[in-house]
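Please open the model in your viewer and keep the selection tool at hand. The stops below are meant to be taken in order.

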Amino acid sequence: SGLPKDLMPGPYPRTPEERAAAAKKYNMRVEDYEPYPDDGFGYGDYPKLPDKSLHERDPWYQWDQPDMRHNWGEPMHWDFDMYIRNRVDTSPTPVPWHTMRKHFLIFLSTMLIMFCFGEIYPSYRPVGPKQYPFNDLYLERGGDPNKEPPVVTHYEI
Amino acid sequence: MAAGPPPSASEAYRPNRFVSLPAELDPSTYDVSLEKRRAEAERMAIRARLKRQYQLQLNNPNPPAVIEDPALLRWAYARTENVYPTFRPTPKTSFLGVVFAIGPILFWAAVFKADRDRKEKLIKEGKYERPFSVF
């Protein structure tokens with residue numbers, strides 16, 4: 001609504017001239033400009049920037065927008081709102097990612113297998129049926145108070 | 001049987017889809033060729049030009065009400081209005097559309113129908129135990 005049509009994103013660039021024009025439109029070098037592959041997904045000529053989150057950008061540089069770590073006119077990543085500092089962080093991890101994944105999967109699978117095992121073969125202290133007092137709760141279960149309740153003994157001597 | 005020596009940092013830190021490599025293990029850090037420096041200089045020139053445009057608007061004695069960021073406008077336009085004109089039905093998009101758009105509807109319709117049929121059968125046979133029954 002604010003910019004003229006030729007400064008807005010358009011269809012996938014086919015000729016080198018279109019690529020150069022698109023790179024100039026997005027304020028990028030022609031060599032840096034790489035559009036998304038033309039798979040019909042709806043990206044058009046939008047540039048494919050490296051998938052780095054805003055956590056990785058220099059915190060001490062004087063950005064025009066310090067909270068977004070973004071300069072005026074700089075092309076924004078397609079998933080810019082995912083890579084903000086409150087959300088996804090792609091900074092290098094202290095432990096290699098594959099090691100983290102391996103350790104996590106080992107732990108998770110061990111715990112799941114042990115829990116499943118415990119469900120199939122439960123183990124607990126010996127239990128017997130529950131014993132109720134007052135002749136097996138004769139009056140509470142609606143027995144006639146005028147009749148003699150049957151004597152219930154839970155022990156053997 | 002002892003395992004081999006533990007992998008070195010560069011072997012363990014294989015590049016992956018989710019996090020970046022640390023700067024020390026990234027080969028582009030140690031690339032000091034002239035092409036790279038020329039590229040960096042060109043990028044800095046673009047950045048300086050954009051900064052100048054922005055600062056001129058910012059420090060204008062009669063600044064505009066809102067300093068529009070063309071990059072932001074392009075980003076919003078690309079994600080909302082430019083998707084339909086540039087979409088094209090291909091085998092891949094059709095397959096994904098079927099799997100993610102039509103698949104769940106059919107799946108849940110089948111699940112609910114089967115559940116209701118099972119309950120109806122139990123009610124007809126008189127075997128259905130009503131939950132939350134007040135009787």
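What follows is a walk through the two chains, stop by stop.

This is a predicted model, in which local features need pLDDT of at least 70 and side-chain atom pairs count only at pLDDT 80 or more, while totals for chains, interfaces and linings use all residues. Residues are numbered from 1 along each chain as its sequence is written, chains are lettered from A and ligands numbered from 1 in the order in which they are written, and side-chain values use heavy atoms, with hydrogens and water left out.

**Stop 1: chain B by domain**

Select residues 21-87 of chain B, which are domain 1, and then 89-128, which are domain 2. These bounds come from an automatic or database domain assignment. Taken over C-alpha atoms, the centres of domain 1 and domain 2 of chain B are 48 Å apart.

**Stop 2: the interface**

Now show chain A and chain B together. In contact (heavy atoms within 4.5 Å) are 50 residues of chain A and 43 residues of chain B. The two chains bury about 4000 Å² between them, 58% of it on carbon and sulfur atoms. Buried area here is the accessible area (1.4 Å probe) that two parts lose on being put together, summed over both.

How many salt bridges cross the interface of chain A and chain B? The rule, a side-chain nitrogen of Lys or Arg within 4 Å of a carboxyl oxygen of Asp or Glu, finds seven across this interface. By class, the side of chain A that touches chain B has 22 nonpolar, 15 polar and 13 charged residues. In this count Ala, Val, Leu, Ile, Met, Phe, Trp, Tyr, Cys and Pro are nonpolar, Asp, Glu, Lys and Arg are charged, and the others, Gly among them, are polar.

Select Arg79(B) and Asp81(A) to see a salt bridge with an N to O distance of 2.9 Å. Side chains of opposite charge can pair when their charged atoms come close.

**Stop 3: helix α2 of chain B**

Over all chains the structure holds 19 salt bridges. For one of them, select Arg43(B) and Glu40(B), whose closest N and O atoms are 2.9 Å apart. Both residues are in helix α2 (residues 34-58) of chain B, and because they are three residues apart there, about one helical turn separates them. Helices (H or I, at least four residues) and strands (E, at least two) are DSSP runs, numbered from the N terminus.

Colour by accessibility next: buried means under 20% relative accessible area, exposed over 50%, and partly exposed in between (1.4 Å probe, protein chains only). Arg43(B) is partly exposed at 29%, and Glu40(B) is partly exposed at 33%.

**Stop 4: helix α5 of chain B**

Move to helix α5 (residues 91-125), where Glu120(B) and Lys124(B) lie four residues apart, about one turn of the helix. Their side chains form a salt bridge (3.2 Å, N to O). Is Lys124(B) buried or exposed? Lys124(B) is exposed at 67%, while Glu120(B) is partly exposed at 40%.

Lys121(B) and Glu125(B) form a salt bridge at 3.8 Å, N to O. This pair is also four residues apart in helix α5, about one helical turn. Lys121(B) is exposed at 52%, and Glu125(B) is partly exposed at 42%.

**Stop 5: His70(A)**

Finally, select His70(A), in the loop between α1 (16-25) and α2 (97-120) of chain A. His70(A) is buried, with a relative accessible area of 1%. Not counting residues up to four places away in sequence, His70(A) touches Arg57(A), Trp63(A), Asp64(A), Gln65(A), Met76(A), Phe80(A), Asp69(B) and Ala71(B).
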